[in-house]
Amino acid sequence: MRESKQLFRVLMPMVLAAAAAGCGGGDSGGGGAPAASEGAAAPAAMPFDVATAGNVSGMVMFEGTAPAPAAIDMASEATCAAKHTSPPTTEDFKVAGGHLGDVFIYVRSGPTDGMTFPVPAEAAVIDQSGCQYVPHVTGVQVGQTLTFRNSDGVLHNVSASPTVNRPFNIGQPGAVRETNRTLTSPEIMVPLRCQVHGWMNSFVGVTANPYQAVSSEGGTFDLRNLPPGQYVVEAWHSRLGTQQQTVTVTTGQTAQITFTFTQAMIASAVVPMGAPLDPHDHGPVAMGTGSTGEHVHGAAAAAGS
Ligand SMILES: [Cu+2]
């Protein structure tokens, strides 16, 4: 009796494994990559025929007058103050010549929904330099290494307050040059702040695929090598909220889109912060679940008071 039980314990997993293997192999049409299973490593290859890819290229504009940046008093941290050749200020509005930088652009939905993409081997790096986060807005893919660098040699901490991903709070003494974290779920956006220097804030967008960008100081962005088809692309700004556009990607072509934010949007902006990114929800990001909602205009505003 005891022997047969033990035999059952030994054999049963083998039977199950064989059954699973049979199922997996049966419906494969052959030629394609094996279907990704939960917990499996990310594939090494793109999940579509890259010869069919097209691109999206765009510009983010700002109409009106942006609020003047607020001065940051770094007298309490001489090392940081000394790094700035001009007086440091808040970084909410990166406006130059009517172009808006630091806007996070990403594919909100489209043919890439449900596809599993290779995770970039290189880390995304956020430097703590001059007691500011560089860059101010960062994108990472799920599973990609996010490196927090401390170029200042003074004590910082990185306090992340996502609602989908696991929150974390990393103390980073001056001697600790780099600390790595990985975010495991798509999320728009994850706010970061430093509790040692209350003015330091930053935002991280986490997406399931590589189709994301942060607009340059000139307002430009590129999303490259997308499968053809129709997409909803969203633009997120830390004070101006979000906008969406529908764009059709055609093989070998670069579709052009422009997002325009205005001064008037500041007063009524709903800024998704820590809201779950559901690729099948084409509605406004912050609605529906009640799990998140509006963000009150960034940590810099709070820190400034
Ligand atoms: Cu700090």
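A nonpolar core is a set of buried Ala, Val, Leu, Ile, Met, Phe, Trp, Tyr and Cys residues joined through C-beta atoms within 7 Å. In this predicted model, the largest such core has 51 residues. The protein chain has 305 residues, of which 35% count as buried, and contains four helices and 19 strands.

**Confidence**

- Mean pLDDT for the protein chain is 83, with 76% of residues reaching 70 or more.
- Residues 279–305 have pLDDT below 50, yet the model gives this stretch 44 contacts beyond near neighbours in sequence.
- Residues 1–38 also stay under 50 in pLDDT, and here the model has four contacts beyond four places in sequence.
- Where pLDDT is low, the predicted coordinates should not be read in detail.

**Core and contacts**

- Within the largest nonpolar core, the members that touch the most others are Val-103, Phe-104, Ile-105, Met-189, Val-190 and Val-204.
- Met-189 is in contact with Phe-104 and Val-204, and also with Phe-203, Gly-205, Trp-236, Pro-272 and Met-273, when neighbours within four places in sequence are left aside.
- Among contacts in the protein chain with a separation of 6 or more, 68% join residues 24 or more positions apart.

- Strand β7 covers residues 137–141, and five of its five residues are buried.
- In a regular strand the side chains alternate between the two faces of the sheet.
- From β7, Val-137, Gly-139 and Gln-141 point one way, while Thr-138 and Val-140 point the other way; residues of both groups are buried.
- β7 pairs with strand β13 (residues 201–207) in the parallel sense, over five bridges.
- One of the residues in this pairing is Val-137, whose bridge partner in β13 is Phe-203.
- Phe-203 is also one of the contacts of Met-189.

**The four-strand sheet**

- An open sheet is formed by four strands in the order β14-β4-β16-β17, with antiparallel pairing.
- The edges are held by β14 (212–214) and β17 (241–249); each has a single partner strand, so one side of each is left without a neighbour in the sheet.
- On average, neighbouring strands of this sheet are turned by 25 degrees against each other, direction ignored.
- Strand β4 (residues 104–109) pairs with β14 in the antiparallel sense over three bridges.
- Opposite Phe-104 stands Val-214 in β14.
- Phe-104 is also among the residues of the largest nonpolar core that touch the most other members, and one of the contacts of Met-189.

Terms used
Residues are numbered from 1 along each chain as its sequence is written. This is a predicted model: local features need pLDDT of at least 70, side-chain atom pairs count only at pLDDT 80 or more; totals for chains, interfaces and linings use all residues. A residue is buried if 20 or more other C-beta atoms lie within 10 Å of its own, exposed if 12 or fewer, and partly exposed in between; C-beta atoms are placed from the backbone. Two residues are in contact if their C-beta atoms, placed from the backbone, lie within 7 Å. pLDDT is the predictor's confidence in each residue, from 0 to 100. Helices (H or I, at least four residues) and strands (E, at least two) are DSSP runs, numbered from the N terminus. Two strands pair if DSSP finds at least two bridges between them. Axes are lines fitted to C-alpha atoms, for helices over the stretch in contact, and angles run from 0 to 180 degrees between N-to-C directions.
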